[in-house]
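Open the structure in your viewer and keep the selection tool ready. We will go from stop to stop, picking residues and looking at what is there.

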Amino acid sequence: MAAARRGERIGTSAPYGYKKDEGNPKHLIPDEETAPVVGRIFELCAGGLGPDKIARILTQEQVLTPTAYTYRTRGVRHSALNLDRPYAWSGSTVAAILEHEEYIGNTINCRTYTPSFKSKKSLLNPPDKILRFEGTHEPLIDLDTWEIVRRVRQGKRRPTKMGQQDMLSGLVYCKDCGSRHYFCRCGSWGENRYTFVCGKYHCHKEDCTPHTIKAADLRQIVLSEIQRVSIEAREHWDELFQRLTSSHQSRAKKEFAAKQRELDKGERRLKDLETLFRRSFEELALGHLSDGQFQTLVQGYEQEKAELEEKAETFRNEIANRQDTLLNADRFRSLVDKYTDITELTPELVRAFIQRIEVHERSGRCKKKHYTQQIDIYFNFIGQA
């Protein structure tokens, strides 16, 4: 345990994509054979492909599975080893690779534990028990790609019953209820009729309104916005940065004020509870309350007081430690410099630039030919531009 707390790697084998340094077995170095495979897996996921599709690509290309590769290079057998199918990648294997922080250069210790010496079964540790040490070895994946993949995985959506998934799926939300939009298509429809509709309305029509928008139209809007902001970033960076900074500071002040109001409200209620406690003791002493009634009241007050104090402490910490989240302007500028010729929308482009899309309801009834509809687009690193 002492070695784990010092940040030394305690795993018995190197993660797929790495090998142990011969001069220092506790140190990882890239495996020249498998490191490119890990890089490709992350690139495919950042481009919008799910683990199952990536697994099928690797299988078709006859890339050895991690267990087969380990057996052929080091003679080590694994319970999942199948020598009859050495190229049969599974979606779960790909998904596990996409979750490993080791690929951005971090060492993760105490990820699992065994409940007793009698049991060989490993259980996942809660997050506060996991030990994380950054920058301990050479990364295989850059931080931008890692964060794109995190967003892809967090916003993952199952394909429709017809096996289709739009590149914007998982990123589109209803402005009014906050539900994620549902991608609608039908076998008799042409692609120009595919739509996004509010997920809450799709399931419970009485709870929201459609907020419908055609997928093709939304893709064109997103492409145009990426092109607009990219051009502005390259040609008028100082003006854009000043506007973004001002907007960011305004949002931060509003969030701070809201937290302060919640804290003030909670502290006022705590004072009220102190008064109620004293009155309850007085009523008990005067015989106006039975012991049972008094205990019921006090238990209710104490429970509410404990909840309020915990919430108030959280708000105090947030306010005391609050620092304006810096705009990741440099990272966005690097992104713009990377994609210099944007002519069409691709899954990779979407995941690189777009954090969230919010769709407002149309200005008139859905059957009207002429209406307006506001779309709010939030970019990675800079928010709304």
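Start with arginine 356 and tyrosine 173. The charged end of arginine 356 sits over the tyrosine 173 ring, 3.8 Å from the ring's centre. Keep in mind that this is a predicted model.

Next, select tryptophan 146 and arginine 150. Arginine 150 lies over the face of tryptophan 146, at 4.2 Å from the ring centre.

**The hairpin**

Move to residues 18–21, strand β1, and residues 24–30, strand β2. In which sense do β1 and β2 pair, parallel or antiparallel? They pair in the antiparallel sense, over 4 bridges. The two strands form a hairpin, with 2 residues between them.

**A sheet of three strands**

Now select β8, β9 and β10. They make an open sheet of 3 strands in the order β8-β9-β10, with antiparallel pairing. Which strands stand at the edges? They are β8 (181–184) and β10 (213–214). Each has a single partner strand, so one side of each is left without a neighbour in the sheet. Look at β8 beside β9, residues 195–198. These two run antiparallel and are joined by 4 bridges. Find phenylalanine 183, then look across to β9: phenylalanine 196 stands opposite.

**Aromatic pairs**

How many aromatic pairs does the structure hold? There are 11. Phenylalanine 183 belongs to strand β8, while tyrosine 194 is in the loop between β8 and β9. The two residues are 11 apart in the chain. Are these residues buried or exposed? Phenylalanine 183 is buried, at 7% relative accessibility. Tyrosine 194 is buried too, with a relative accessible area of 8%.

Jump to phenylalanine 332 and phenylalanine 379. They form an edge-to-face aromatic pair, 6.2 Å centre to centre, with 75° between the planes. This pair links distant parts of the chain, 47 residues apart. Phenylalanine 332 is in helix α11 (residues 329–338), and phenylalanine 379 is in strand β12 (residues 375–379). Check their surroundings. Phenylalanine 332 counts as buried, at 0% relative accessibility. Phenylalanine 379 is buried as well, with a relative accessible area of 2%.

**The cysteines**

Last stop: the sulfur atoms. A disulfide is a covalent bond between the sulfur atoms of two cysteines. How many disulfides does a search of the whole structure find? It finds 0. Select cysteine 203 and cysteine 198. Cysteine 203 is in no disulfide, and its nearest cysteine sulfur, that of cysteine 198, is 8.9 Å away. Cysteine 203 counts as exposed, at 56% relative accessibility.

The cut-off for a disulfide is within 2.5 Å. Cysteine 208 counts as buried, at 13% relative accessibility.

Definitions and conventions
Residues are numbered from 1 along each chain as its sequence is written. This is a predicted model: local features need pLDDT of at least 70, side-chain atom pairs count only at pLDDT 80 or more; totals for chains, interfaces and linings use all residues. Side-chain values use heavy atoms; hydrogens and water are left out. Two strands pair if DSSP finds at least two bridges between them. Buried means under 20% relative accessible area, exposed over 50%, partly exposed in between (1.4 Å probe, protein chains only). Rings of Phe, Tyr and Trp (its six-membered ring) pair if their centres lie within 6.5 Å; planes under 30 degrees apart count as stacked, over 60 as edge-to-face and the rest as tilted. A charge sits over a ring if NZ of Lys or CZ of Arg is within 6 Å of the ring centre and within 35 degrees of the ring normal.
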